[in-house]
Every structure is written in C-alpha cells, then in structure tokens.
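Student: I have a model open and I'd like to learn how to read it. Can we go through it together?

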Protein chains: 2
Amino acid sequence: MSYSIGQVAEKTGLSTYTLRYYEKEGLLPFVQKNASGLRVYNEDDINWLSMIECLKATGMPIKEIRQYIELYKEGDSSLSKRLELFRKRKETVAQEIEKLQKILGKVEFKIRLYEKAVEAGSLEAVSQTEEIQQLRDELFGDPNYFPEAEGKKSV
Amino acid sequence: MSYSIGQVAEKTGLSTYTLRYYEKEGLLPFVQKNASGLRVYNEDDINWLSMIECLKATGMPIKEIRQYIELYKEGDSSLSKRLELFRKRKETVAQEIEKLQKILGKVEFKIRLYEKAVEAGSLEAVSQTEEIQQLRDELFGDPNYFPEAEGKKSV
DNA sequence: CCTTGATTTAGAGTAAGCTCCAATGTACAT
DNA sequence: ATGTACATTGGAGCTTACTCTAAATCAAGG
C-alpha cells in the first residue's frame with residue numbers, strides 16, 4: 001500500500017508542511033518519489049513517522065532524532081549506540097514524569113486552597129488556616145524546588 | 001529582606017535577561033524600583049517567580065500566566081475563575097503524565113528489543129522472534145497511537 | 001574622584017519548529 | 001481538453017521564549 005503526502009497527513013495528523021519539513025531535516029530519508037517527482041509513502045515510512053512521534057514525545061529535539069536515523073542507516077554496527085540512546089530517553093522520560101507528579105501535587109494544593117477560598121469568599125482568610133498551613137508544610141517543606149515558594153501571601 | 005536582580009537570578013536559576021523579560025510580559029507586576037530606578041525584589045516577588053515556574057512546568061504559555069496574574073489583581077471577585085484555571089491545569093498535567101507513561105512503555109520495549117539485538121548482533125534476527133512479536137502486540141495492539149507503528153522493520 | 005562591576009533601557013538577534021507563499025506541475029473526472 | 005484538487009520547490013515568515021548588545025547610569029571600595 002502506498003500513500004500521497006496528503007493521505008499521510010490525514011493518517012498521522014501532521015500537516016503536509018510538517019512532513020516536507022521533516023524530510024528537509026533528514027528525518028525521512030527513505031521516502032520515494034514517482035516519475036513525476038511526487039512523494040510516495042509506504043508502510044515503512046508511516047512506521048518511521050510513528051517512531052519520530054515517539055522520540056519527539058520523549059522531548060528529543062529534531063536534530064537528535066536525525067542522529068538516531070543516521071545510526072539506523074549505519075546498520076547493525078550501531079546497535080549498542082542505539083540501545084544507549086533509548087536508555088537515555090527512558091531516563092529523560094522517567095525524570096519528566098517525576099517532575100510532573102510533583103507539579104500535580106502543587107496544583108492540587110492550589111485547588112484545595114481555592115475551593116476553600118471560594119467557599120469563604122476570600123483568599124487571605126483561608127490561606128492562614130491550620131489545615132492549609134499544614135498542607136503547605138507537607139508539600140513545600142522539601143527544599144528542592146523553590147524553597148521560598150507559597151509563602152503567606154498565597155500568590 | 002530585599003534582593004537585586006542579580007541576587008534573584010542566582011536564587012532562582014533564571015537569568016537577569018529572563019527576569020526583565022518576564023516583567024516586560026506582565027508576569028511580575030509588583031516588583032519595586034528604588035530612587036535610582038534599580039529593581040528591588042522582595043519575598044513576595046520570589047514567591048511569584050515560584051508560582052510562575054510551577055505554571056510553566058504545567059505547560060502553560062507565558063501569555064496565559066499573565067492572565068492568571070491579571071485575575072489575581074482583580075482580587076477575590078476572580079476566585080472561582082482562578083479555581084477553574086487550576087482545575088484545567090491539573091487535567092493538562094494528568095494527561096501529560098499518562099501520555100509519558102505510554103511513551104515510557106514504548107521506550108522500554110525498544111530497550112528490550114535492542115538488548116536482544118546487541119546480544120544477537122543483528123536487529124532483523126531479533127525483531128521477528130516470538131517473544132518480541134508478543135510484546136509488540138501487547139504494546140501496540142491498542143490502536144490509539146499510530147496503529148501502524150513498530151511494524152516488521154523495527155525502525 | 002576614579003575604577004570596577006552591576007544595572008538600566010530600547011531594541012535587535014537567536015533557535016526551534018513549524019507554517020505559508022508563489023509559481024508551476026500533476027492527476028483525473030467531466 | 002479543461003477545471004479542480006492536490007503536489008512540487010525555494011525561500012520567506014511566524015511564534016515562543018528567551019538572549020544579547022549598546023550606551024548610559026548606579027553602587028561601592030580605594
């Protein structure tokens with residue numbers, strides 16, 4: 001099965017601009033062209049796009065994705081480099097998840113604070129309560145992320 | 001306690017350029033200046049920066065952070081809007097965490113695949129094995145995210 | 001007073017990742 | 001064969017979030 005650039009755009013949710021841009025950046029070195037110069041994508045190209053989306057989702061910039069593709073083109077001699085690359089990606093993603101979980105905790109604190117504030121009709125009144133102060137201490141007693149955060153003013 | 005822009009940069013890890021940029025963009029509307037026009041930051045400003053970093057970490061763009069700050073300036077009349085804003089942030093972050101967990105699964109699959117490939121000295125040999133095909137099915141049987149992904153070619 | 005280093009401003013420059021345009025060519029149904 | 005939709009290229013333009021520059025001013029020590 002083969003696809004035009006428009007069909008691939010449809011299938012992947014990427015724009016035709018983006019597909020051409022990726023090619024220009026060396027992310028899709030295997031896309032064929034027919035006699036008239038039109039791009040003809042096959043299943044492998046779609047798989048590559050899926051891989052690219054995956055790497056992008058790990059936070060990898062386009063230049064580094066190209067490097068992966070260049071490693072792939074080197075063949076089996078680059079297997080251990082590719083393994084190493086995926087291990088680094090795993091680390092990056094794991095760290096990002098951890099960071100987001102901490103952020104989620106802070107946002108949930110804000111939600112509780114604002115729920116009480118809406119109830120009371122005032123933020124100042126609520127942010128000094130025993131309950132909120134205690135929550136604040138639990139969350140921000142950890143000095144790792146902006147220790148001065150979330151002071152008395154409840155910004 | 002008060003701080004110069006350089007001290008705040010040191011404290012927060014942001015550059016002095018960034019601090020001035022944030023002010024220009026309306027993210028720090030409370031920073032004072034002394035008689036000579038030099039910025040003088042206080043604890044509240046540091047707290048605001050911490051809040052800004054938190055919102056940024058949720059993926060919120062700077063223009064929307066400014067909108068939050070404008071809501072804050074409106075006082076208690078905007079409490080429920082601010083609550084709503086934090087609820088949306090929570091959704092965004094929760095979804096991002098979910099997405100990253102799926103990505104983590106894919107990356108871990110790649111790691112296993114490449115571990116085997118390095119062992120065998122060949123990617124093609126390994127990607128057709130019973131074990132890998134089974135793992136692939138488990139991970140990518142779900143048609144939500146690029147159903148064509150990870151075909152026979154193991155890109 | 002003088003020097004050194006930090007700070008001020010307006011505005012220009014940068015990097016990433018697209019996004020679009022103009023002019024031209026291709027595919028195909030009527 | 002002609003209209004319509006879709007494709008090609010090079011290159012310009014856009015957005016976000018900084019990042020830096022230049023020229024002037026300020027702060028503090030000797």
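Student: Which residues do ring pairs link into a cluster with A:Phe30?

Tutor: Some ground rules before that. This is a predicted model, where local features need pLDDT of at least 70, side-chain atom pairs count only at pLDDT 80 or more, and totals for chains, interfaces and linings use all residues. Residues are numbered from 1 along each chain as its sequence is written, chains are lettered from A and ligands numbered from 1 in the order in which they are written, and side-chain values use heavy atoms, with hydrogens and water left out.

Tutor: A pair of aromatic rings is described by the distance of the centres and the angle of the planes. Here, rings of Phe, Tyr and Trp (its six-membered ring) pair if their centres lie within 6.5 Å; planes under 30 degrees apart are stacked, over 60 edge-to-face, and the rest tilted. Your cluster joins A:Phe30 with A:Trp48, A:Tyr68, A:Tyr72, A:Phe86 and B:Tyr114.

Student: How many aromatic pairs are there over all chains?

Tutor: The whole structure has 14. One of them is the tilted pair of B:Phe30 and B:Trp48, at 5.7 Å centre to centre with 40° between the planes. B:Phe30 sits in the loop between α2 and β2 of chain B and B:Trp48 in helix α3, 18 residues apart. Helices (H or I, at least four residues) and strands (E, at least two) are DSSP runs, numbered from the N terminus.

Student: Is B:Trp48 buried or exposed?

Tutor: Buried means under 20% relative accessible area, exposed over 50%, and partly exposed in between (1.4 Å probe, protein chains only). B:Trp48 has 3% relative accessibility, so it counts as buried, whereas B:Phe30, at 30%, is partly exposed. B:Trp48 also forms a tilted pair with B:Tyr68, 6.2 Å centre to centre and 55° between the planes.

Student: What about DNA strand D: which residues come nearest?

Tutor: A residue is near a strand if one of its heavy atoms lies within 4 Å of it. Of the 20 residues around DNA strand D, the nearest are A:Gly6, A:Arg20, A:Lys33, A:Arg39 and B:Tyr22.

Student: Where does a polar side-chain atom of A:Arg20 lie?

Tutor: It lies 3.0 Å from a phosphate oxygen of DNA strand D.

Technical notes
A polar contact is a pair of N or O atoms within 3.5 Å; within protein, one must be able to donate a hydrogen and the other to accept it, and residues adjacent in sequence count only if both atoms are side-chain atoms.
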